[in-house]
Amino acid sequence: MKKLTLICAALAAALAFTGCSKSKVEINSVADLTGKKIGVQAGTTGEAWVQDSVEGAQVVSFKSGMDAALDLKNRAIDAVVLDELPAKAIVERNPDLKIIHDSEFADNKEAYAIAVKKGNADLLSSINKTIADMKTNGEYEALVNAFMPADGKITIPAAEATTGSKVVKLGTNAAFPPFEYVEGKNIVGFDITMGQKIAKNADMKLEVVDMAFDSLIPALQSGTIDFIAAGMSVNEERKKNVDFSETYFESEQVIIVRK
């Protein structure tokens with residue numbers, strides 16, 4: 001009996017040391033995030049929001065939302081804060097997780113836009129024209145229906161052929177469905193198809209460059225890529241470093257938790 005007691009005491013000490021707990025974590029709103037261990041994707045507005053707005057939060061940054069969700073499933077963290085559509089894609093693959101919406105996020109929606117290097121007026125003008133044309137001729141609506149269908153069954157459009165003597169490099173982070181993700185051997189998604197149309201209209205050949213989300217703006221500034229299409233939200237901090245196109249989509253943050 002004494003030996004069993006010592007073993008139990010050792011296990012209890014180990015649990016305390018690792019920060020694990022048998023108690024159930026209840027998160028039903030933004031208010032419940034206080035003091036919790038929260039996973040985010042590095043470099044995103046979700047990461048910035050948790051750092052600035054959640055008192056006592058232990059912020060754990062990951063390369064992708066899916067990496068954060070895996071740690072959530074393994075109980076290494078308490079919740080994940082992520083954009084709504086990628087969060088939905090994660091939860092569809094992981095039925096033991098669920099999404100929590102909050103008015104804090106719904107009342108502060110974020111607008112996505114394409115980023116170019118400061119001062120690249122010609123490319124920015126071409127991108128804005130493509131976005132405007134797509135919204136006028138029905139291509140934008142078709143793209144929304146393809147990648148965000150009501151029944152959840154995505155239909156990936158045929159790739160737009162892009163040609164030209166000049167290559168234009170689209171930087172993205174292919175871990176953000178349905179905007180950019182890997183399907184088989186190809187990077188596909190809403191932003192990728194839009195990028196193909198941008199390149200085609202500019203008579204340039206498109207090259208897609210996949211990298212970590214928080215590496216995109218430095219890569220743009222150094223000239224490694226020509227524009228960013230990665231579900232990137234417009235905010236004042238980013239405006240200091242890049243020029244943004246007209247916005248093309250609105251989203252909001254959500255919380256992913258274990259059921």
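This is a predicted model: local features need pLDDT of at least 70, side-chain atom pairs count only at pLDDT 80 or more; totals for chains, interfaces and linings use all residues.

Trainee: Which residues of helix α3 are buried?

Mentor: Helix α3 covers residues 65–73, and its buried members are Gly-65, Ala-68, Ala-69 and Leu-72. They lie on the same side of α3 because they cover an arc of only 100° around the axis; the arc is taken over the directions from the helix axis to the C-beta atoms.

Trainee: Against what do the buried residues of α3 pack?

Mentor: Contact means heavy atoms within 4.5 Å. The partners of the buried α3 residues are the strands β1 (37–41), β2 (58–62), β3 (79–83), β4 (97–100) and β15 (253–258), together with helix α4 (84–93).

Trainee: Why is Ser-64 called buried?

Mentor: Ser-64 has a relative accessible area of 7%; the limit is 20%, so the label applies. Ser-64 sits in the loop between β2 and α3. Leaving aside neighbours within four places in sequence, Ser-64 is in contact with Gln-41 and Ala-175.

Trainee: Why does Ala-42 receive its label?

Mentor: The relative accessible area of Ala-42 is 14%, which is under 20%, so Ala-42 is buried. Ala-42 lies in the loop between β1 and α2 (45–53). Residues up to four places away not counted, Ala-42 touches Glu-47, Ser-61, Phe-62, Phe-213 and Asp-214.

Trainee: Is Arg-75 buried or exposed?

Mentor: Arg-75 has a relative accessible area of 59%, which is over 50%, so Arg-75 is exposed. Arg-75 is placed in the loop between α3 and β3, and its phi is near 65°, a positive value in a residue other than glycine. Asp-203, in the loop between α8 and β11 (205–210), likewise has a positive phi, of about 55°. At 53%, Asp-203 is also over the 50% limit and therefore exposed.

Trainee: Why do these phi values deserve mention?

Mentor: Most residues other than glycine have a negative phi, and most peptide bonds are trans. On the latter point, a cis peptide bond with omega of about 5° joins Pro-177 and Pro-178. Pro-178 is found in the loop between β8 (175–176) and β9 (180–183).

Trainee: What makes a group of residues a nonpolar core?

Mentor: The members must be buried Ala, Val, Leu, Ile, Met, Phe, Trp, Tyr or Cys residues joined through side-chain atoms within 4.5 Å. The largest such core has 31 residues, of which Ile-114, Phe-179, Phe-190, Met-194, Phe-227 and Tyr-248 touch the most other members. Two or more residues come from each of α6 (121–137), α7 (139–147), β7 (167–172) and α8 (190–201). A second, separate core of 15 residues includes Ala-113, Phe-213, Leu-216 and Ile-217.

Trainee: How are α6 and α8 placed relative to one another?

Mentor: Their axes come within 9 Å and cross at roughly 115°, where axes are lines fitted to C-alpha atoms over the stretch in contact and angles run from 0 to 180 degrees between N-to-C directions. In this pair, Ile-127, Thr-130, Ile-131 and Met-134 of α6 meet Met-194, Lys-197, Ile-198 and Asn-201 of α8. By class, this contact has 5 nonpolar, 2 polar and 1 charged residues.

Note on methods. Residues are numbered from 1 along each chain as its sequence is written. Side-chain values use heavy atoms; hydrogens and water are left out. Buried means under 20% relative accessible area, exposed over 50%, partly exposed in between (1.4 Å probe, protein chains only). Helices (H or I, at least four residues) and strands (E, at least two) are DSSP runs, numbered from the N terminus. Ala, Val, Leu, Ile, Met, Phe, Trp, Tyr, Cys and Pro count as nonpolar, Asp, Glu, Lys and Arg as charged, and the others, Gly among them, as polar.
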